[in-house]
Amino acid sequence: FSEGLYSSPNKAFEELITNSYDAGARSVWVSIPEDLSQTTGTVIVADDGESMDKDGLHDLWKIGESKKRSATPPRGRTNPVGKFGIGKLATYVLAKSLTYLVHSGETYRAITMDYSLLEGRPAGLLNAVDLRLDMVELDRDDAIRALERAFEPLGDKRKFLEHVQTSEPEHWTAVLLT
């Protein structure tokens, strides 16, 4: 479905940055590897917008549903750009896995969608795959270590990590595409 809907990798960036905008982010950081010819690596899109709580992370994986339509937009935003809950599917054309690492209030969480679980599965509405994604609660040190590991191969493209380490915002989201 995703490959037919989104043919350009650029659309994945557009969708993730749109999600940041809809979350009321003041800043968005995009970090990509130097050598784009490699078939492995990590791409990170991070922001300081309103992050997701436990229910929000579960709702994230509902396709065709979005609470953006009924929720009050964050301060400084009038209407959300995203409305249909399908933007995250654009990441399928770029990544083998998609991890959301989030901080909201005093809580840090991570959840990963491993797209390889879908490979070789027959497509179609009658062949639905029941995926149960495990959400993990982290302490701050574990969350920072996870970010450090993700940013390690990106060299000096660590502005978001430095921002979190020195003046952590009240909430943030980092989307890791590997």
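## Strand 3 and its partners

Strand 3 and strand 6 run antiparallel, joined by seven bridges. Two strands count as paired here if DSSP finds at least two bridges between them. Helices (H or I, at least four residues) and strands (E, at least two) are DSSP runs, numbered from the N terminus. In this pairing, His103 stands opposite Trp172 of strand 6.

This is a predicted model: local features need pLDDT of at least 70, side-chain atom pairs count only at pLDDT 80 or more, and totals for chains, interfaces and linings use all residues. Residues are numbered from 1 along each chain as its sequence is written, and side-chain values use heavy atoms, with hydrogens and water left out.

Strand 3 also pairs with strand 4, in the antiparallel sense, over eight bridges. Ser104 has Thr107 of strand 4 as its bridge partner. The hairpin of strand 3 and strand 4 has two residues between the strands, and Gly105 takes a positive phi near 65° there. Strand 3 covers residues 97–104, and seven of its eight residues are buried, so the strand is largely enclosed by the rest of the structure. Buried means under 20% relative accessible area, exposed over 50%, and partly exposed in between (1.4 Å probe, protein chains only).

## The whole chain

How many helices and strands does the protein chain have? There are five helices and six strands. Along the sequence they follow the pattern α-α-β-β-α-β-β-β-α-α-β.

Buried residues make up 40% of the 178 residues in the chain. A contact means heavy atoms within 4.5 Å. Take the contacts with a separation of 6 or more: residues 24 or more positions apart account for 64% of them.

The six strands form an open sheet, in the order 1-2-6-3-4-5, with antiparallel pairing. Strand 1 (28–31) and strand 5 (135–138) stand at the edges. Each has a single partner strand, so one side of each is left without a neighbour in the sheet. Neighbouring strands are turned by 15° against each other on average, direction ignored.

Helix 5 packs on this sheet. Helix 5 touches strand 1, strand 2 and strand 6, and its direction makes about 150° with that of strand 6. For such angles, axes are lines fitted to C-alpha atoms, for helices over the stretch in contact, and values run from 0 to 180 degrees between N-to-C directions.

Strand 2 runs antiparallel to strand 1, with four bridges between them. Trp29 stands opposite Ala46 of strand 2, and Ser31 stands opposite Ile44. Five bridges join strand 2 to strand 6, again antiparallel. Here Ile44 stands opposite Leu176.

Is strand 2 enclosed or open? Five of its five residues are buried, so strand 2 is largely enclosed by the rest of the structure. Val43, Val45 and Asp47 lie on one side, Ile44 and Ala46 on the other, and both faces are covered.

## The nonpolar cores

A nonpolar core is a set of buried Ala, Val, Leu, Ile, Met, Phe, Trp, Tyr and Cys residues joined through side-chain atoms within 4.5 Å. The largest has 19 residues. Which of them touch the most other members? They are Ile44, Leu101, Leu147, Phe151, Phe160, Trp172 and Ala174. Strand 2 (43–47), strand 4 (107–114), helix 4 (140–151), helix 5 (159–167) and strand 6 (171–177) each give two or more residues to this core. Helix 4 gives the most, with six.

Another core lies apart from the largest one. This other core has 17 residues, among them Leu57, Val102, Met113 and Val175.

## Helix 4 against helix 5

Helix 4 and helix 5 pack at an angle of about 160°, with their axes 10 Å apart. They are therefore roughly antiparallel to each other. Angles under 35 degrees count as roughly parallel, over 145 as roughly antiparallel, 65 to 115 as roughly perpendicular, and the rest as oblique. Arg140, Ile144, Leu147, Glu148 and Phe151 of helix 4 make the contact with Phe160, Leu161, Val164 and Gln165 of helix 5.

## A residue in helix 2

Ala12 sits in helix 2 (residues 9–22). Ala12 is buried, with a relative accessible area of 1%. Ala12 and Val93 are 81 residues apart in sequence, yet 7.8 Å apart in space, C-alpha to C-alpha.
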